[in-house]
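Subject: Structure handover, chain C

Hello,

Here is the structure for your set. My notes on chain C follow below it.

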Amino acid sequence: MSTLVLEGEGLTMRFGGLVAMAEVDFKLNRGEILGVIGPNGAGKSTLLNIITGIYKPSSGQVRLEGDKLTGIPTHKIVERGIARTFQSSRLFGDLSVLDNVIIGRHVHTKCGVFDAVFRRGRAQRELKESAAIAEDLLKAVSRELYEQRHRPAAVLPQADRRRLEIARALASEPKVLLLDEPSSGMDDNDTEALITDIRAVCAARPDLAMIIIEHDMHLVSTLPHKVMVLDYGEKLAEGTYEEVRKIPRVQEAYLGRKAVENA
Amino acid sequence: MAASNHIETAAAGAGTGAVGIALVIAVELIGAAFLRQFLLVEDWRIIVGMLGVFCAALYVLQSRPALENRIAEAFSEHRRLATLLGAVIVLMFPFVLEQSTYALHLCVLSLLYATLALALNFQLGSANIPNFATGASYGIGAYASALLAVNLGVSFWLALPVAGLVATIFGFLLGLPSMRTRESYLALVTIAFGVVVHQLLNNLEFTGGPNGLVGIPAPELFGHNFASPLVVFGYSLPSQANFYYLSALLVLIAILFADRLHNSRVGLAWNALRADELAARCQGINTTWYKVLAFAVDAFLAGFAGTIYAFYVGFISPDNFTFLVSVTIMTMVIAGGMDNILGVIVGAVLLTLLPEKLRAFSDYRILFFGVTVIAFLMIRPQGIFPQRLRRYGG
Amino acid sequence: MTDMLLQQLLNCITLGSIYALIALGFSLLFGMLNIIHFSHGDVSLLSPFLALGAVQALGTALGAAPGGMSFFLILVGAIVLTGVIGLLLDALVIQRFRDAPVMMALVATVALGIVLRELIRHLFPNGSNPHSFPRFITGTLDVFGFPVPIFNAAVILVSILSVGGLFLLLNRTRLGLQIRAVSHDREAARLMSINPSRIFRVTFFIASAIGAIGGLFFSSYASVVRFDFSVEVGLIGFSAAVVGGLGSMPGAIVGSLLIAVLDTFVQAVVPHGASYRLVFVFSLVIGILIFRPSGLFGKTIVEKV
């Protein structure tokens, strides 16, 4: 069962003199959730940007099911089966909720300019199918969101925006889903609801692997199978949440040296 | 009880249906009558008064969104009727213009500008790519077809697709820098492209230099020469009517293009690109390709419009295709409403007619365009008719 | 032959220095403060019209054309006034687009440039026609037996001083530090009680005033000015800043010189080159943008995620 889906090897990212990521390795199995934690500026988002091809690592490589991803443009990586959300939710605000999810189906649809103009039937059919799939997806993620499918995405409250981002990412039927701080800006109730939502998503897709970047320790202690700790672009530790949180260097990185000494 | 309820709702449905039909007919007929009057009237006081009425109507729509929605709903409910009536109005329109060649000429210009504005709308409206070179694509189309006709005796009907193709190729070339450059840089590239094209047309020998090309023959169709009056059922229309129908057909094609592309995967991808380019890439959209595509589609339609223009006036010179033409087209798109087909057409017609009808004012035309753009961007960036959300299956 | 070559070289450097004065403003606004201001060229070329207007007005008032010192004062006045106009345009129009989509600011400022040109055309007496503009510095210097017009020397000197002054201002003064702080992070600057609006206004004044000097030199060098010269001057100035790399002051100079060299070379070598010069200039710009999108001296932009 534990088949490898995504792996990173020696990932290093330099911006000029600044080292944002140094020699980070990770492995992700099918159906597994990897939590990534670390203080601000530890390189968590850099990791996601490398995996999705937005940054090209200075050295090291990412492989999806054994195929090298490094150097492939972002939109092709999505096609291979990696979808993501953003820390500051980046929805298509002036489009409807439903359109946002339909756009998420882009890699599974084919009609180009020629089809759209001269083979209208085909293009319409394809779009209708996408719309139906998108509606089902919205229903599955959240009934409330489905009810609001014809409203512009920009008017949604924060929690719904996050849900919509997840639905949009799932629309591409990814093998790996990357969530960048899904709970940021949420209160405890919303976070609890989010955890339930993610669980439901996983239950419906047993093969889906996930990387979740998080600050909320409650979420980190509940969802991920294993946790990786980053600090100053380096991997400090990896293991289950219980294992990781006992490591002194992790506590130091998180709480500061003083607090650890006092504890 | 349940049955009577059922009957009542059915009756109510029929009632709104009838109201909807009446609404569609009323809006289209009043719009056409208004446009006719505006084209024929000569007294500037009446023109200003009509503009006042137009603004008031817009204001009422703006302040009563329910009314606006009702009208929009009626049109989408009775789409077939609206299209049919619209087609009849467009076909009949030249017959009610009292043989005025000037009014017909203004109609042709409006329709050509409407095509150009719809072309630019793919970029500016759908994808938010600033392209200051639509005027250049228009010129490339005009020159390509005129050269074919004047030098090789190629007929209009063959020159039209060839010119479209040539303009598209140049559009692709212009779009290529958009792979690496964005925003201000891309705007600079498009402005520079427009200037380069103008300077080349102005200096190359085979384009006739600043004098341009003369003697472009009028098109012929089934032995009917477009320079001669159009006789329909014994009723004779001025020769401009030929080009009126031709450019109306072109606008129809442009509308079909715009509508089909808007309601397709391509239109969605362009809109995604407009909202957030990075997020679009992360949905698997090849943003570079879609940008280049927007350039190509824009150039294709602009090339068509250029061809018709060249054969209509029979004489073209580089000054018909300057940077200011590009800015004029841009003004139409912004004022009318970006990514709204109806809005873009209204913007084009309005901004073509205004400077022509207010003659005293026509020297200030360019100033007026500049101020209009800034005012709209500052006060009402969505334009007269804002974009509408897509609906699927009602 | 050598004299010819030296003469051409001198022309190149002079022209390049004039372009640089316009390019600096573009670089400062676009590069440092991330403001889109496509009308900078048009603002810069307001100065010759302001000066001519003042000369005419004074001429009718005094009955004689002002000369010498009073003419010099008029030029200074035109430079300051142009700076103020730049500042006002920011306050009235451009600042509204600070947080709007880039496309809007682009289109709005292109339109603003058109409005400025049209205003000159309609408000200035005979605005559509070319107006002759005096070479306000005359006489020649003798440099190792080679005659150098004092005008050319002054142009080069002023442009070097402007770049040097701007460099010192940005790197050695409190104001420069504030400008850099605002360019780096507007919110953080605000937290450190820097008023970004004030910084924007000051920068607009500086950029427009330096541009105004460029505008005066340009008109004087060409000895004629027309309302629509600013289209070309603006495009070339912006191109020079882009070629050099927006935000880089030395880049603006190198870009300007490069364009001036190409410009002069094409006019000298290519048959009918004068009418094709922009084709070559913009081909260079487009080429550089394709192969080095951030210009020769620009920093590569890392996308913010």
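Chain C has twelve helices and four strands; helices (H or I, at least four residues) and strands (E, at least two) are DSSP runs, numbered from the N terminus. Its radius of gyration, taken over C-alpha atoms, is 19 Å, close to the 19 Å from the globule rule (2.2 Å times the number of residues to the power 0.38) for 305 residues, so chain C is as compact as a globular protein of that length. Along the principal axes, its C-alpha atoms fill a box of roughly 55 × 50 × 35 Å.

This is a predicted model: local features need pLDDT of at least 70, side-chain atom pairs count only at pLDDT 80 or more, and totals for chains, interfaces and linings use all residues. Residues are numbered from 1 along each chain as its sequence is written, while chains are lettered from A and ligands numbered from 1 in the order in which they are written.

Confidence next. The model scores ipTM 0.90 and pTM 0.86. Mean pLDDT (the predictor's confidence in each residue, from 0 to 100) is 86 for chain C, with 97% of its residues at 70 or more.

Now the interface. 35 residues of chain C are in contact (C-beta atoms, placed from the backbone, within 7 Å) with 33 residues of chain B. α5 (102-123), α10 (229-244) and α12 (273-291) of chain C each give two or more residues to that side. The largest share, 13 residues, comes from α5(C).

Regards

Note on methods
Contact = placed C-beta atoms within 7 Å.
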